[in-house]
Amino acid sequence: MTVFPTQEIGSLPKATPETIDAWSARVRLEHDTPGTPLAERRSRFNLALLRAAGLDRIYDGEAHRIEMSEHPFRSIRGAEFVGHVRSFDNKYFRKAAVRAPVALDHPYHRDEFRSVLASVGSSRADALKVPVTGAYTLSEWTFNDYYLGRQPDRYHRAGRASAQRELVLAIARDVLRPTLQDLVGLGARLIQIDEPALGTHPDETALAVDGFETAVRGLDAEFTMHLCYSDYPRLLPAILEARSCREWALEFANRDVPGRDAYALLAELREYGDTRRIGLGVLDVHRDAIEPVALVTDRILRASRHLGDPDRIRVNPDCGLRTRSWDVIWAKLTHMTQGAAKAREQLATG
Amino acid sequence: MTTYRTGVTGPFPRTEALVQATRDLDRGRISPEAGEAAFVRAEAEVAAVEERLALDARTGGYLRWPDLLRPFTEIWPEVSAGPLTRFFETNSFYRQPIVRSPPQGGRGRLGRWLPKGPNARAILPGPYTFRRLAEVSYAPDMSNAPVAEIAAAMAAELLSLGPNVPPQVQFQEPMLVYDPPSGESAEVVTAYRLLADALPNSEKLVWTYFGDAGPVLRLLGRLPVEVVGFDLFESTLDHAEKLSGHGIGAGVIDSRSTLAEEPAEVARLVRSAETTLGASTVWLGPSPPLDLLPFNAAVEKLALLPALAEELRR
């Protein structure tokens, strides 16, 4: 197997029809027939773009989804949307409030996965990595009115913690697990559980791990976990108890600035004796500056030295590139794949 | 006889209309003039809410602040905006200030970020929180030495406002309870002396949230400010000593939930806190700030403040 395989990590912008038309030749878009619904066109366009950029593991940039928590909550009974909350600058997400016991209305990735599989062909199913929002993040990005309101001690920390535990495990058991079972039944082999909220309460890492294991344990697929913008050392060692996780996909480039080697964290993982793969973030997704190929290569090789095992590294952007323009996305991704190729060459020549 | 006053303790959420307008602005779908008009309308909406609820502090909502630290990140040339970084244990992010040399302050550019009027409350990052959230490249590790330097620069900015200094100035210090300073905390006390000297005629508040204020009440009581605020639902005050003349700020609206608080139950907790701490002035407000909620939910929850004040005055 090739070292330093490359992969996408999450969402891409919603391409307009004009964008798709303008880029179709460059990304070698096929089967873009008139009358195809726009979400479907976007999905095929994203797949084509990621392939043309040279990525090994791809998905469709979440073209069928609104947003990573809003999309699932549209299919979760017991919750309703209450408005937008700011994430940063002029970026927001629509937040739901849980007002009754949660339950799955219908598996919310079924149609999307079928569509993607049809686009790439079943022989390439192994190249697909399906991103799915984790139970802890779904819980954390929701107002937990129902389970909190049942707590006799709701005005104290212990009451809030009990309510949080109830919600995380209810989502994991009654919403996420049946969704994942459905995906596995459809042929999904590689599933990335997105837990960007895990870093928000490091003291709840064990709960997040319980949610992860409740959702995935025993299912016949390879599961990875994506974390970002978190104080990773504070999650250790509790996070390592997620035994069903085969890879940690982490954001690094955002914090890799002159004089501060973000990838040194991998040495800490090494000290814990953790031998799982690393999805290595080498592109800062919140800045337009294009990482030079040499910088990508340097980041990969630096990470390899810290980790002590280049075979365990997969190369990806820090997170989804949905806030960047298509020109920037293309430049960043092609530099990423070129940087990975250079890293392979340098590794081979010592 | 205890005096109860009400006010918002941080940014309002943006209205749904402003959310849409700022998205449109970023995508070039509306002009900068239309974007500015959307901000003005949203600020008027916030002012109307503060007026309708007869709040004793008026903030204008701080809708233009990208994050708690950004004004200083933008106006101090010694500081630049660094990586996007998670803001405590929330799903919000800030640009980490990169401080390359001690900021000088005093350039008179803070005024446009602050509300005006007889009940205006300036809400600024506290110097300890600013230092801990920043990357101070000239200071070793997490040394607290720069805290006083940052406070001196903030004091210079406040002095440069001249007669336009708001009558209330609140310093946000979540880090004081999230990760308190060790030892005597002399740098923090010194920092607040500098700020107090620059604000002889303003009511000064230090507001904490995202943690338990119980363990740091002694430090808070040493600060030369009129009011120390804390999250009533996070703080353990069982073994607290009385404060020496400070009023307290009670964070009584939980911005992490859309579930409404019950005035009678919250009043019981407030009375317990004021008795324990010996406070004769109590500011009632949200804790943490309201911008963790959508706008409509925030407005609904704010209705607690006048109801609670009335309950407490009975």
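The largest nonpolar core of this predicted model holds 196 residues, among which A:Ile171, A:Ile300 and B:Ala151 touch the most other members; such a core is a set of buried Ala, Val, Leu, Ile, Met, Phe, Trp, Tyr and Cys residues joined through C-beta atoms within 7 Å. A residue is buried if 20 or more other C-beta atoms, placed from the backbone, lie within 10 Å of its own. Helix α7 of chain A, residues 157-186, gives the most to this core, with 10 residues; helices here are DSSP runs of H or I with at least four residues, strands are runs of E with at least two, and both are numbered from the N terminus.

Residues are numbered from 1 along each chain as its sequence is written, while chains are lettered from A and ligands numbered from 1 in the order in which they are written. Because the model is predicted, local features need pLDDT of at least 70 and side-chain atom pairs count only at pLDDT 80 or more, whereas totals for chains, interfaces and linings use all residues.

One of the core residues named above, B:Ala151, touches B:Pro127, B:Ala191, B:Leu194 and B:Leu195, not counting residues up to four places away in sequence; contact requires C-beta atoms, placed from the backbone, within 7 Å. B:Ala151 belongs to the α5(B) side of a helix pair in which residues including B:Ala148, B:Ala155 and B:Leu158 meet residues of α7(B), including B:Val188, B:Ala191 and B:Leu195. The axes of α5 (residues 146-159) and α7 (residues 186-198) of chain B come within 8 Å and cross at roughly 10°, the axes being lines fitted to C-alpha atoms over the stretch in contact, with angles from 0 to 180 degrees between N-to-C directions. The two helices are therefore roughly parallel to each other, a term for angles under 35 degrees.

Chain B as a whole comprises 11 helices and 10 strands, and buried residues make up 55% of its 314 residues. Among its contacts between residues at least 6 apart in sequence, 74% join residues at least 24 apart.

Between the chains, 31 residues of chain A are in contact with 31 residues of chain B. On the side of chain A that touches chain B, β1(A) gives the most, with seven residues.

Key: Buried ≥ 20, exposed ≤ 12 C-beta atoms within 10 Å, placed from the backbone. Contact = placed C-beta atoms within 7 Å. Parallel < 35°, antiparallel > 145°, perpendicular 65-115°, else oblique.
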